[in-house]
Structure formats: structure tokens, C-alpha cells
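Reader: I have a chain to go through and a few things to ask. Can we take it piece by piece?

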Amino acid sequence: MIRANRRELIAAFAALGLSPAWAARAAAQATPSSVKMGAPKPFSWAALQSQAEALARQPYRPQAKVEAAAAIDYDAVGTIRYREDKTLAGGIRLFPLGRYAPNPVGSHIVENGQARAVPFSPSLFTAEAGHAPPLGIAGFRAMTADGKSDWLAFQGASYFRTAGAQDQYGLSARGIAIDTGIDGREEFPAFTDFWIERTAAQGYTVHALLDGPSVTGAYKIESVKGANGVEQRVSAVLFFRRDVERLGIAPATSMFWYGEGNRAAGSDWRPEIHDSDGLALLTGAGERLWRPLVNPPRPTLDSFADTNPRGFGLLQRDRDFDHYQDDGAFYDRRANLWVQPQGDWGRGQVMLYAFPTASETVDNIVAFWNPADAPKAGQKRQFDYRLSWGSIDPTVVSAVAHAVDQWTGAAGRPGAEPTQGARKLVVDFVGPALAGLDRQSNVIAEIGVSRGKLLTQAAYPVVGQRNRWRVTADIAPVGQGPADVRLFLKRGNKALTETVLAPVFLP
């Protein structure tokens, strides 16, 4: 995981909000005549795959870096703005180089099967007097129809993200993850060149060439902005230069500092700070799993084995403004990112890696699919999937209740001496599946514990709350833990809720 300042690393994603007039936007539907473009050259998806395959047979050469960009910090990069009158393809504006994005990328606009390069020129940008000059192109963003904000951005390594349904950036996607969670070995392959084609009023197909020490790749990312968020169809064709121990497909990167379940971790006055609050999984067998995110005391790696998963993703279920009280970062508006594999992905596991953070500016969470058969040098792999960025939880269905809150605290009876060497875990479920059930309905909690011991448990409806049940359990982890707890509510042989997979640490 990148442990640098997340806000600075991808600063330009949310910076430079510009407001062109409608006439300027209309003029930008075609390539502006003021932008000097390269000569048109044939471009195709098949040709890009061939290019990536040929590149994999060559020794890896790191991306060029503009050393002078190191002087352009977070504040300075905000003084360099892409010129409105040079907007490309109906809404594309380019990012300048800076300290946290010092590698120039190739940019091309595609129309009717012909690609024209966009060479860097300082005239593409304006720079405030007395500040750093523009030095190159670091990525791009797609503007909303009114030109006041952007909804899609690519910048830095293979990172990209969208503003979801509420015009608020949060977590990011990556083209690929290599050896994440293996100390000192993680690689960050980069998109070195982009080919951008407008496909709708708010739609673009982005082709990208990926290059890294262990892998090259051709990517096709079809993006459409709608009323409920952004939908993307991704096709990744990968060519491996060398063996990879831990391959991460469709990785999502997020931040979890603290929430209601670990209030002691927060030094800030705001009640909760996180981009996502849980990992959701819909397994190939149809089981619905929920793993609440935590800010662990040390790096952790969880694995959830599956075959042909139907979906997984990092979600922000808690969308109550009062729980965050942040009218600047708007954590209640952060997008969910839901991955739906297409085709046969076979055996593997969804992995969740986390490390400790004491700041909201550090992304400390990553989730991805790890195929069971690790790729070898010379192999080709293809993965197709859909990405959904929105505010509606795609995992909530009426047939099963879902977890809405999770707390930990001192074990034992309230008001009595705490039980030493144990913690209390509390999980609340909500949903129509719990309607009409009371303490006489023979509803019980099914709880299993690995690396620990279950001391006490209870399950009951929350007084005065409609269709809401609470599970409490005192858990004694082995050593410092974590104990892995698996729990759900059932009535007879019927599961009433999704299954919660929660880690329990001793303080």
C-alpha cells in the first residue's frame, strides 16, 4: 500500500474546479483548433493488446520522471490550471505534473478509429505569477455537463476513480495490484499511455497501456455517468514478464481511520472518519458476507476463499451526516465501489489488506481478487468485470437483513468489573426479514470463533426500533488476536441475515 499523503498523491483529482460558459462547452464538442494535435494514426483494441504483448518481451524500463516536478507541492499544483478553451473531446481536461505525480503520460484522442496525440505544451495550462510553471501531463479528468466539477479521473500509477452519484470523490480503483501486503515487494505498475474516445454526452472509453517490472497490460475501460452513479466495464489483458506471488485483480483502495466501533482511535472531533466502512461479498454459492472495516493495531491480511464470485466491493453503508459532521469532506456522500466479475474467474480468494493509520490522508485499506493459480513469466491472462460507483448499497435485498452498526467494548456486564482478556462485540441487523419477530420467535445467533473463545452471547430485538435486532458476544482472543468471529441470525434452519465476519482485537 502507498503510505504517502493520499490527498497530495492524487490532489489534482478534486482540485481546479472551473466553470466555462455554455458556448465554450459547445465549442469543445470537437477537438479545439487551438490545441496542436499529432497526426492521425489508426488505433484499435487488438493493436493495443499486441503492443502490450510486445512490451512484455522487452526488459522493464521505469517511467521517465521530471525531477523539477518535486518542487510543485500540493499547494503549488493548484496554481496550474488546464485552460477551459482547450477542453478536449467534449469534457476532457488534463492534469499537470507535480511532486506526487511526476511521471509524464501519453495522451491521445480517438475519433472514428484514428488516434491523435496531445503533445505537452505549456500553453495548455495557465500558471499563477510567481509560482511553478507547467512541466508536463500527469493524467486527465472528465468534466460534468455543466463544467463545474469532474466525475472521472486517472492519475498516478494505475489509479482511477469516479465521483459516484453525489459528486464526491472517495475511494479509488487500480488497474492491478502486485504483491500487496508482502513487505518490501509491492509493485505499482503504471498506465503510461491513454487513448480517450467520447462515446456519449457523459461517456468515455479509455484505453490504457500498463507497464511494470512484472507485468504489462492492455486495458479497455468503458465509463458512463448516470443518475445513480457511474458504471464501468473493464477488460484487462495481462502479459507477465516474471512470476507473481500475489496477483490482485480489480483492486479497490480506501481509507478507514475510525468509526462507531473504534472511537478510541480518533483524535479528531468528528464522530467518524472513513471513505468505506465494510467489505461486502456475494459468493459464487450465493452467500452474502459483510466484513466491517477496522483500523488495526498492526498490518492484517484476510482471505475469503471462493469460486467464481458474483460480486465484492468496499462500501460506505453509513450515510447519515450526523455520524460524520463533516460539511467539507462529506464522508456521508462517498461512493461505494462494487465489482462484478464477468466470465469464468475460477478458484481464488478475495483479500483484504489493512494497516494502521492515525490520519484521514492515508489510504490504509485495499481489497482485491487473488486467483488461486499464481501467474508465471510468459503467461497471458484476461479478466473482465464491471465496476459500479454509487450511493445505493447493491448488496441489500429484502430476503435477508443486513448489518448496519458494529461496536466493540469492554466485555462483561455493564456496571460490573470488565472481563479481563476479552472484548464485547455488538452487531445490529436491519431488514424486512426481521419484521414481526420477537423474543418468543426462536431467533438465535449462530456464532463461530477462530483463534479465540466465545464466552457469552445474546440476540434480541432492539426496543423501539422497527425490524432491528442486536447480537452481543464476549470474545476472548488467543494472545493479542485478532479472533475471527463469524455470526448471523437464524430461525430454525433459515438464515435471516447476511453473515458478518468481524475481527476482535484486545486493546
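Reader: Which strand does Gln-406 lie in?

Author: Gln-406 lies in strand β27, which covers residues 402-410. Bear in mind throughout that this is a predicted model.

Reader: Noted. Is Gln-406 buried or exposed?

Author: Gln-406 counts as buried, because its relative accessibility is 11% and the cut-off for buried is under 20%.

Reader: What does Gln-406 touch, leaving out residues up to four places away in sequence?

Author: On that basis, Gln-406 touches Glu-260, Gly-261 and Pro-292, and also Leu-425, Val-426 and Val-427.

Reader: Now Ala-473. Which strand is that one in?

Author: Ala-473 is in strand β31, residues 468-477.

Reader: And what is the relative accessible area of Ala-473?

Author: The value for Ala-473 is 1%, so this residue is buried.

Reader: Which residues does Ala-473 touch, again not counting those up to four places away?

Author: Ala-473 touches Arg-423, Lys-424, Leu-425, Ile-447, Leu-454, Thr-456 and Gln-457. Leu-425 is also among the residues that Gln-406 touches.

Reader: How far apart are Ala-473 and Leu-455 in space?

Author: Their C-alpha atoms are 7.3 Å apart, with 18 residues of separation in sequence.

Reader: What does β7 pair with?

Author: Strand β3, residues 92-96, runs antiparallel to β7 and is joined to it by 5 bridges. Strand β8, residues 150-155, also pairs with β7 in the antiparallel sense, over 5 bridges.

Reader: How many residues sit between the strands in the hairpin of β7 and β8?

Author: There are 6 residues between the strands, and Gly-147 in this hairpin takes a positive phi near 75°.

Reader: Which phi does Ala-89 have?

Author: Ala-89 has a positive phi of about 50°, although it is not a glycine. Most residues other than glycine have a negative phi.

Reader: Where is Ala-89, and is it buried or exposed?

Author: Ala-89 lies in the loop between β2 (80-82) and β3. Ala-89 counts as buried because its relative accessibility is 8%.

Reader: And Asn-308, what is its phi?

Author: Phi of Asn-308 is near 50°, also a positive value in a residue other than glycine. Asn-308 is in the loop between β21 (300-307) and β22 (311-315). With 32% relative accessibility, Asn-308 counts as partly exposed.

Reader: Back out to the whole chain. How many helices and strands does it have?

Author: The protein chain has 4 helices and 34 strands.

Reader: What is its radius of gyration?

Author: The radius is 24 Å, which agrees with a compact globule of 507 residues, since such a globule would come out near 23 Å. The C-alpha trace spans about 75 × 50 × 40 Å along its principal axes.

Reader: What share of the residues is buried?

Author: Of the 507 residues, 57% count as buried. The chain exposes about 20900 Å², with carbon and sulfur atoms supplying 50% of that area.

Reader: What about contacts along the sequence?

Author: Among contacts between residues at least 6 apart in sequence, 70% join residues at least 24 apart.

Reader: Last one. How many positive and negative side chains are there?

Author: There are 55 positive and 51 negative side chains, and the centres of the two sets lie 3 Å apart.

Note on methods: Residues are numbered from 1 along each chain as its sequence is written. This is a predicted model: local features need pLDDT of at least 70, side-chain atom pairs count only at pLDDT 80 or more; totals for chains, interfaces and linings use all residues. Side-chain values use heavy atoms; hydrogens and water are left out. Helices (H or I, at least four residues) and strands (E, at least two) are DSSP runs, numbered from the N terminus. The radius of gyration is taken over C-alpha atoms; the globule rule is 2.2 Å times the number of residues to the power 0.38. Buried means under 20% relative accessible area, exposed over 50%, partly exposed in between (1.4 Å probe, protein chains only). Contact means heavy atoms within 4.5 Å. Accessible areas come from the Shrake-Rupley method with a 1.4 Å probe; for residues, only the protein chains shown count as cover. Lys and Arg count as positive and Asp and Glu as negative; His and the chain ends are not counted. The place of a charge is taken as NZ of Lys, CZ of Arg, CG of Asp or CD of Glu. Two strands pair if DSSP finds at least two bridges between them.
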